[in-house]
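Please keep the structure open as you read.

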Amino acid sequence: MAITPTDPLTLEVVDLIGAVVARYHDEYEEAAGRHHLTGAQARVLGLLSVEATPMRRIARQLKCEPSNVTGIIDRLEARGLVERRPDPADRRVKIAAATDQGRETARELRESLHFAREPLAELSAEERTVLRDLLRRMLGEPR
């Protein structure tokens with residue numbers, strides 16, 4: 001049986017995914033605000049807390065213009081949360097990296113997000129694995 005855009009089950013799944021995304025986004029924005037960050041600043045800080053990243057790659061990951069990333073990095077740098085470094089492979093390229101304070105702020109921010117953790121805790125490890133694999137498949141990512 002083919003799935004159609006008006007299939008009631010498909011519509012319900014799409015609505016549920018939208019509700020999950022909206023609730024996560026709301027909680028993320030609220031958590032960012034508690035750290036006096038915008039949502040975009042918090043997302044960039046989260047990325048940089050994992051690894052130093054060229055600014056153009058950050059723009060691609062966030063699907064925004066490099067000039068937007070420059071402004072975000074400027075504000076995070078002014079607060080001592082990130083720093084710019086030359087890329088050792090190409091000194092013309094600037095890499096943004098979280099400072100110790102930035103990594104700590106990103107950790108606190110992640111730990112304050114309860115919406116995703118609490119419902120997921122009610123699922124077994126097997127159910128979480130199935131959910132992860134289904135989401136990866138929907139996004140076209142490898143398992």
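Predicted model: local features only at pLDDT ≥ 70, side-chain atom pairs only at ≥ 80, totals over all residues.

H36 sits in the loop that links α1 and α2. Its backbone deserves a look as well: phi is positive, about 60°, although H36 is not a glycine.

Although K63 is not a glycine, its phi is positive, at about 55°. You will find K63 in the loop between α3 (55–62) and α4 (66–78). With a relative accessibility of 74%, K63 counts as exposed.

Is H35 buried or exposed? Its relative accessibility is 17%, so H35 counts as buried, given that the class covers values under 20%. H35 belongs to the loop between α1 (8–34) and α2 (39–50). Leaving aside residues up to four places away in sequence, H35 touches R79, T105, E108 and L109.

## Helix α5

Helix α5 covers residues 100–111, and G102 is part of it. G102 has 0% relative accessibility and therefore counts as buried. Which residues does G102 touch, once those up to four places away in sequence are set aside? They are L45 and L81.

From E111 to D15 the C-alpha distance is 27 Å, and the two are 96 residues apart in sequence.

## The sheet

Three strands make up an open sheet, ordered β1-β3-β2, with antiparallel pairing. Its edge strands are β1 (53–54) and β2 (82–87), each of which pairs on one side only. Strands of a sheet pair through backbone hydrogen bonds, in either a parallel or an antiparallel sense.

How many bridges join β1 and β3? There are two, and they connect β1 in the antiparallel sense with β3, which spans residues 90–98. For T53, the bridge partner in β3 is A96.

## The whole chain

Stepping back, the secondary structure consists of seven helices and three strands. Along the sequence they follow the pattern α-α-β-α-α-β-β-α-α-α.

The radius of gyration of the protein is 18 Å, whereas a compact globule of 143 residues would have one near 15 Å. The C-alpha trace spans about 55 × 30 × 25 Å along its principal axes. Of the 143 residues, 28% are buried. Considering contacts between residues at least 6 apart in sequence, 49% join residues at least 24 apart.

## Surface and charge

The protein exposes about 10000 Å², and carbon and sulfur atoms supply 57% of that area.

Definitions and conventions
Residues numbered from 1 in each chain as written. Heavy atoms only, no water. Helix = DSSP H or I, 4+ residues; strand = E, 2+ residues; numbered from the N terminus. Rg over C-alpha atoms; globule rule 2.2 N^0.38 Å. Buried < 20%, exposed > 50% of the residue type's maximum accessible area, 1.4 Å probe, protein only. Contact = heavy atoms within 4.5 Å. Areas by Shrake-Rupley, 256 points an atom, 1.4 Å probe, with all protein chains shown as cover. Pairing = 2+ DSSP bridges.
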